[in-house]
Every structure is written in structure tokens, then in C-alpha cells.
Amino acid sequence: MLIFEQSQASRRNGAQVSTQPVAADGIPAHLRRKHRPALPGVSELQAVRHYTRLSQKNFSIDTHFYPLGSCTMKYNPRACHALALLPNFANKHPLTPASHGQGFLGCMYDLQNILREVTGMRGVSLAPMAGAQGEFAGVAMIRAYHDAQGDHARTEIICPDAAHGTNPATATMCGYTVREIPTDAEGDVDIEALKAAVGPQTAGIMLTNPSTLGVFDRRIKEIADIVHHAGGLLYYDGANLNAILGKVKPGDMGFDVIHMNLHKTFSTPHGGGGPGAGPVGVSERLLPFLPVPLVSFADNRFQVMDESDRPQTIGRMSAFNGNAGILLRAYVYIRMLGREGMERVGNFSTLNANYLLHTLTQAGFEAALPGRRATHEFILTLRKLAKETGVTAMDLAKRLLDLGYHAPTTYFPLIVPECLLIEPTETESKEALDGFISAMRQILNEAREQPELVKNAPHTMPVKRLDDVRAARELDIRWKPAQPQ
Amino acid sequence: MPFIPHTEDDIAQMLAAIGARSIDELFDEIPAALRARGLGNIPSGLSELEVTRLMQDAAELDRPLRCFAGAGAYEHHIPAAVWQLVSRGEFYTAYTPYQAEASQGTLQLLYEYQSMVTALTAMDASNASLYDGASALAEAVLMAVRAHRKSKSKRILMPKSVHPHYRQVAHAIVKNQGIELVEIGYDPATGQIDQAQLKGFEGTDVTALVIPQPNFFGALEEVDTLTDWAHAHNMLVIGLVNPVALALLSPPGEWGETGADIVCGDGQPLGIPLSWGGPYFGFMCCKIEHVRQMPGRIIGRTVDTEGKPGFVLTLQAREQHIRRSKATSNICTNQGLMVTAATIHMSIMGAAGLEHAAGLCARNTQILVDKLSGIGLRPLFRGGRFHEVTIKLSQPVGPVLEKMAAHGILGGYDLKKHYPELGETLLVCATETKTEADLEAYVTALAQALQAS
């Protein structure tokens, strides 16, 4: 039932209305609202009960194993949330002078430096509010760099065909055309195709390493040399940073600019789809172009630098200071892990992924790239199973929900048929992984013995499979009050 | 080491299953030359107790100020229930609802959100949020260029009465696509969009006009006249609005004869803590004929195989994970958790509660103006306003604000950096959180600061 269907227009929530008189005299009559908006008229109890019940219809990390590949659904420590909501932080207006913000600013300054160290870059800006905005900032800096060199012939960005959809979409937003290059049979970038693609029109390449196929591109140095030799720059999509945290620094691989997803690697909440945070790190030559604001330390005080201090900046990404409260959560997480803890993230996310890969292939699942190590994630393909039994990756995903596991990412990357992209993260115990393996075995048996059971899953969710086609064709995207009689 | 549960036994068993001798061996595909030499300069880990103390000490440095600053972020009361519910793990730690059957909670909440925002704005369609108000304005500009197929100019009229940071963000995001943001001045007497300057664009190809309501100065624009003028000259109208103000102000869907075409703004006033500027969320609405040009997630209601109603992500063919380089935007994640807060906030407040809060804002600002006239200070602009006002000072605003901060008051925003032509002008805001005593304290502190100079 919708909240609107429990509502009465005349019901007031008395606790939110004081006895003070209200007079909006400053508003001329012709600019005033003529009728009240159709917001819910419910009591506080009705609202609390309704949204508590809605929450119970969700899978979440706190309630279920969530092996969603490329999303890094690791545990979100409660301390990060509690400490970011300390009243002096939560109530701080963005235009508060630096004199009254040395605590918050100090945390941001530390975070900039720690992320710089982790990634091996020369400078970091915390401004972008999500991974996709970090990508935008990164490619905009590549463009600003070429423009500053007076090199206006570079009109193309190269993306592997396995790239996240945000990569080509970002290149377009920055005014570039996208040239796609294929992946070879072992999952690495096709070097010959890359050599053929680069030239004086190449502004740069956008890469994820480990790639979205869950493998580390072994020839990354060669790729970097080819692109740099052609005068292009290298963009690192940090979506998979969790795999190599403490193991490899993107700066050492030759990347010029990277974005990080703090909601993945640094455990800030996914929140049902954000907010994220997408800080960017750059090499020496891109330093002047970093987005603002930046936090500096001079004369024993932390200060905010904006476009007046950074004349070559690509500009501002948000009205104020990015997703500052999310940055604070990431800072708390990083301070708890420390150097030793961060070095263990890459180790144990990789151990968990390889354990699942080996055990599942032994159980009869097919690895998309046999013979390759898993990084923090890996791909299974159900192409044979689908041919034999008619059970698809989508069917298996839905059946997993019945068994109490969130589904892996399905049908991404687009170049592997009937694929499941599985990322367990380092925070899952062996017991949780073993439970997931049992569920996968069970579904494999069911697919062979009673395929209809799997094809009609889920059976235990609040709803059965939903009609996507009807949703798009008969668009119903808001509740409408009944017409007055 | 925190948050990694593996025992030595677990590690041994897992390595045996894999057939590897050590965890290090799992990294043998990475060229040796690339292996990092540790994270030497990063401090060692802290226990939860230690990090709590560290953050409490940092927070202690940030002494709170009584907040009279607005300028795009507003202090409002948030019902206690809002963040208790938002902090439930089932909301806090879920992800984008790709598996609809296991995400009906988030999906239904987002559908209810879309319904509430379209009710507030009187528009047909809403997305499930963007990052913040400034980036939402940038996306609205890009959307207008896509949606207005008859306009070839990619020229957008961007009034100076729009928040200066919003204009900067819009510029940074759209400049690489050959879009021109043409600055429109304001009337020095009223602070409203200069309609005489608009006349110069009649008969030329312009894609859209941005109308802020209230504008950055707190002044109310003549939205009906402006909307009808823009439509008469083949422009789309992008409304940039404050959602709490809409409890009192004419909604953009009803501006002029046919209403605004695209509406955006920042949702922070709907239950989101100030938190030094973020995370907030951007909202975006449009007329139904433009819905396929709207960026971001959209939730639709449909039925399952047994005819039972349910909710899904819909119109995904607009989005980056399907359309890649031809998507409407690169946006992927939005601000889901903030939208969760806003939806619960609007439900608990209801239309009457929101209208009451908005009315108190307007009243408190009027009381403040009256009290300031008692010390000889007057609003710079005449005309209607909501909860913000510009005040002309006879001495530099910067030092005055510093003195007020020393007395525990965040006195407002100095307009000189972005509006040097206004001289020494202060933008001040009084929301419903201010008591009579707060307003009195403000006037006293300002008078003292002015005298001390």
C-alpha cells in the first residue's frame, strides 16, 4: 500500500507544528500557491510504520550476502556513520568561516594526502560527488591539458569494449567521440588493435585495471607506453581499486588521472543508490586543472582554495564542498584500517574471490576466462547451461534471492554471454562463502532436474517477476489523487 | 585488523582449496615491477574507541555558530524519526535496486518520492534524484538542448540572480559541448531578472530561459510574465526552485499559461543535515513529453506475473549502462539515501507541516528586517521575498562577519566576491529554527560589530 493510500488531507501531524502565528506577508498574492500540494496526511506513527515495513522489503549488506560484481558491497562500519553525524559536523553550514571549521577541514586535508599516497598520484581533489562525476572531472582535465598545450586536434577517447557504460558516456559529455577497441581471448586489451587506434587524434584512453572481466591486464605498462607515445593520456577508472589496495598503485602503472569510488573501496554506504563520492588523483602535469575546492595548509591553518587560488581549474563540480559528509565517513574508515588494514584489503578480497572461483568451477560452473587468476571478482558464464536446460543467468539470479542471497551482477560486461560477475569482498567470512556455494550447487541441480522451478523464480519475495515492458509502455511514475467527484 | 573475519585455519583451508601456497601467489599475474612497496606514510590503524576520540576532538574544534547564512543551504528542523529510519541497515546498506524483487522497499519509496516532488512542483514527471542543485541545473541545461529540437543555437539565458556557484558548476559541466550560457543582469531596484535586457533576445534563436524562484538574493521573480515571454519566443523554461518555498509559492507547473518545462533544485531543505555542504540531492521534474530526455533513474509501477502491483527501474534505454556513448548523461549512482530522508521528511511534515515551516521562515525574516530597520539598516531591494534578504552596510562586510562569528553568530554571506557592483552587501537568512531571542541576538551582535569598527 502506498503512503498516499493511508492518507487523509485533513490529518495533521501536531508535533511538527508550533503554536506560533504564521504570516507570509512578504509574498505578493499573485505569486502564492493556490492549493496545497498532495503530500501524505499521515500521523508520525503511520509514517514510521510504513517506512519500517518498506525497509523490510529490501535486501541489504546488513541482512544478506551481496556479491554484486563491480559494486564492492563490503561491510559499512557503523562508527563511520555515527561519527560523521556528530552535531558539530552535521550542523555545519557550508559557508562557515575556516576559523570555525579547523576540525572538519583537517580531516579533509588528511584524506586528500592519504588518497594521494594510496594511489601514487601527485595531487587529489575530493570535489566529485560520485564515480561518474569523478570520471567527468578526469576527462575534463585531459581536455583542459591538451587545450593548454594548444593541441586541439585530439578529439577521440579510446575505451575497451568491456568498459563500464559510464566511460563512453563521460567521454561524450566532455565533447569527445568514442573509439572502442576489442578485448583479446584472455581478457586483456588487444594490443594490436590499440596500436592501430592511437594517433594524433587520441586525447586519451579510459581503462579499469583489474578490468571489468575480473583480471589484471598484464601488459598495462606497454599500453601506457603506446598511448603516451601517441601523445594521449591514461585515465584510470578506480571502480576495481579494492582488488589492488596496498598491492599496486595506479600512479606506478603510468596513469595520469584516476577516480576512486569511496562507496566501494572505502566502505561508505550505498544507500539504495548513493550518495557516493568520486575523488580524483592526478599526475604532475594535470595538477593545475584539479576541480575545486581543495583544502590547503599554510600558516598553521587549514584553508579552502577555490577558483581564485587555482586559475586553471576545470571548475566546480558542486554548489559547495562535494559530498563532504560521505568523505568524513571514508576518513573514519581509513583511520580505523590504517596502513596495515588497507594492505590486507587487497589480499583478502582476492583470497575470497579465488576461493569462490575454484570451488564453484569444481562444482560444475564454467569460468569465463579459465586459467586466469581472479582478482577481487570473477566471471562465470552460463552459456552451456542455458543451452542444455534453458536456465539463464537471469533465472539463476532470481533463484538465489529465494535462497537468501543477493544476485551477482548479471549481463555485464556485455561481451560475455549469460554472465555472472561475482565479487565477495574481504569482509565476508568463509562460512558465508560456503553458504553461497551450497546455494549455487543447489540451483545447478535444480536447473538440471526441475528447470521450471528456477525459471519461475523468485517464489518467496514480496512480488514475483515484474513486467518491465509494461512499466515502460504504460508509464506510471507517480501516484495521482482521485479526481474530485 | 578490523572487518576481516578470517582465522589462520580459514586461510589455510581456502588456499588449499585454491591450490596456492600463499595469498601472495594469487597476485602472480601482476608484473613484479609494479608491486607497491607498501603504504609507508599512512598512519597505523586505530581502534573504534581511539577513532571516536580523534573525531570528537576534531568536532570540538568546530565550535557551532547560530546560523543566519542561507545562500543555497538552509537550516531547518528535521523530525527525529527521519534519520532514525534512514539509518536502518536495510536502507543504508542496500544498493541501486537492480534486482527489483529484492528491492521493493527502496523502489516503492522512490516512487512515492517522485509522487511527492511532482505534487510540490505541479509537474508531470520526476526522476529519482541527481547529485545536488547545482549539478541538477547543469543537467537541466543539457536536457533542454536535447529536448528543444527546433532550437539550434544551444544558447541558454542564465540570469545573474541565479546562485553564482550554480552558474559556475553549469559552466564547468556544459562548456565542452558547445553550449553558451548568456548572462542576464538584474534590475538594481528589485534584484529581479532585468526584463528590458531580455527584450534584446526576441526574434533570435534561444534554447531556454532559467528562472530562479526565489532567486539568489531571496527576491521573488515575476514567474508568470517571464514564463509566458519565454514561451512566446520559442524558448523552454527551466525553473530553479527551493522545495520548502513551494509550500507557499506558486508551483512551476502553474507558472504562466502553460507552466515551466523543466524544474530543478536542491532537496537539502527537505530533511538533509547541512554537513558542510553535502551530501545533499538534486531534484528534477519535467513535462511528460520530455521524460525520455530526462537523465537519472526513474521508477515505474507495474505488475508481476500474478498481476500484483510492484515497482521497477524504467525507461532504462536512456541510461549509460544501456546506451553508453549515446546516453542522456553519464550519471549512474544518484543520492538515494538523501531521497530516503526527504521522502520520510515530507510524509511526516505533510503539506500542512511544510507550509507552517515555510510560513515561519517568511515571518522570521520579516521580523528580522523590522528589527534591522531599528538600527538604521534597510533591504537593498524592494519587493517580495521568502526567507532571505540583502542588507546594505556602510562598512566592509568581511570584518563585520568575523566579529559576529567571534560572538557565536554566522551572520550571513558577503556578496562582494560575486557581485562587486553591489558594494558592501550582506545576504542574511532566518528560517523557522530562529526564536525571538535569536533574532534579537543577531541584531545586537551586528550593531556591536558595526560600532566597533
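Residues are numbered from 1 along each chain as its sequence is written, and chains are lettered from A in the order in which they are written. Because the model is predicted, local features need pLDDT of at least 70 and side-chain atom pairs count only at pLDDT 80 or more, whereas totals for chains, interfaces and linings use all residues.

Chain A has 16 helices and 13 strands, these being DSSP runs numbered from the N terminus (helices H or I, at least four residues; strands E, at least two). Its C-alpha atoms fill a box of roughly 75 × 70 × 45 Å along the principal axes. Of the 485 residues of chain A, 61% count as buried (20 or more other C-beta atoms, placed from the backbone, within 10 Å of the residue's own; exposed if 12 or fewer, partly exposed in between).

Between the chains, 162 residues of chain B are in contact with 167 residues of chain A, contact requiring C-beta atoms, placed from the backbone, within 7 Å. Helix 11 of chain B gives the most to the side of chain B that touches chain A, with 21 residues. This helix, residues 336-373, spans only 44 Å between its end C-alpha atoms, whereas a straight helix of 38 residues would span 56 Å (1.5 Å times one less than the number of residues). Helix 11 of chain B bends by about 90° at Gly350(B), the bend being the angle between axes fitted to the seven residues ending there and the seven starting there. As 31 of its 38 residues are buried, helix 11 of chain B is largely enclosed by the rest of the structure.

In helix 9 (residues 223-232) of chain B, the residues Val223(B), Leu226(B), Thr227(B) and Ala230(B) are buried. The buried residues of helix 9 of chain B pack against strand 5 (208-213) and strand 6 (236-241) of chain B. A cis peptide bond with omega of about -10° joins Gln213(B) and Pro214(B), and Pro214(B) lies in the loop between strand 5 and helix 9 of chain B. Just after helix 9 of chain B, Asn234(B) takes a positive phi of about 65°.

Terms used
Two residues are in contact if their C-beta atoms, placed from the backbone, lie within 7 Å.
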